[in-house]
Amino acid sequence: MIDEETVNSGKTFAIVAYLTIIGVLIAFFMNQEKRNSFTAFHVRQGLGLWLLYFIFGYVVSGFDNWTLTYSFWIVFAVLFVYGIVGAISGKANKVPLVGDLFQKIFKSLG
């Protein structure tokens, strides 16, 4: 469990970690000075989401199917909103289905 002071001091960069892939890098490097476990948690989640987005985006772009494309956009929009809402509300909620994997793979970050 992360204490309230840690959450409040890391909330801004936790939100930034979901905005773009550049946001992940900014949040990561800004978190290196003052290590904040809440920010680090959301950096791992954001990095995992963005990498998964690029990988699946590449695969989906090979298909000429609007249904698949719209489904891709909706799924990732929901996942990113879920992460951002968690960061704003000060919760360390893992992204559904893949959040545990992101925490495990990127455990050395933060």
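Reader: Buried or exposed: which is F80?
Author: Buried means under 20% relative accessible area, exposed over 50%, and partly exposed in between (1.4 Å probe, protein chains only). F80 has 10% relative accessibility, so F80 counts as buried.

Reader: What kind of model is this?
Author: Residues are numbered from 1 along each chain as its sequence is written, and side-chain values use heavy atoms, with hydrogens and water left out. Local features need pLDDT of at least 70, side-chain atom pairs count only at pLDDT 80 or more, and totals for chains, interfaces and linings use all residues, for this is a predicted model.

Reader: Which residues have the most contacts inside the largest nonpolar core?
Author: A nonpolar core is a set of buried Ala, Val, Leu, Ile, Met, Phe, Trp, Tyr and Cys residues joined through side-chain atoms within 4.5 Å. The largest one here has 22 residues. Those with the most contacts inside it are L49, F76 and F80.

Reader: Which element gives the largest share of this core?
Author: Helices (H or I, at least four residues) and strands (E, at least two) are DSSP runs, numbered from the N terminus. Two or more core residues come from each of α1 (4-19), α2 (21-33), α3 (37-61) and α4 (66-89). The largest share, seven residues, belongs to α3.

Reader: What does L49 touch?
Author: Contact means heavy atoms within 4.5 Å. Leave out residues up to four places away in sequence, and L49 touches Y18, F76, L79, F80, V95 and F102.

Reader: How many aromatic pairs are there?
Author: Rings of Phe, Tyr and Trp (its six-membered ring) pair if their centres lie within 6.5 Å; planes under 30 degrees apart count as stacked, over 60 as edge-to-face and the rest as tilted. By this rule the count of aromatic pairs is 14.

Reader: How far apart in sequence are the parts that W50 and F80 tie together?
Author: The ring centres of W50 and F80 are 4.6 Å apart and their planes stand at 45 degrees, so the pair is tilted. W50 sits in helix α3 and F80 in helix α4, so the pair ties together parts whose separation in sequence is 30 residues.

Reader: Of the F72 and W73 pair, what is the relative accessible area of W73?
Author: This pair is edge-to-face, at 6.1 Å centre to centre with 80 degrees between the planes. F72 counts as buried at 10% relative accessibility. W73 is partly exposed, with a relative accessible area of 48%.

Reader: What is phi of L97 near?
Author: L97 lies in the loop between α4 and α5 (99-105). L97 is exposed, with a relative accessible area of 90%. Phi is positive here, in a residue other than glycine, and is near 75 degrees.
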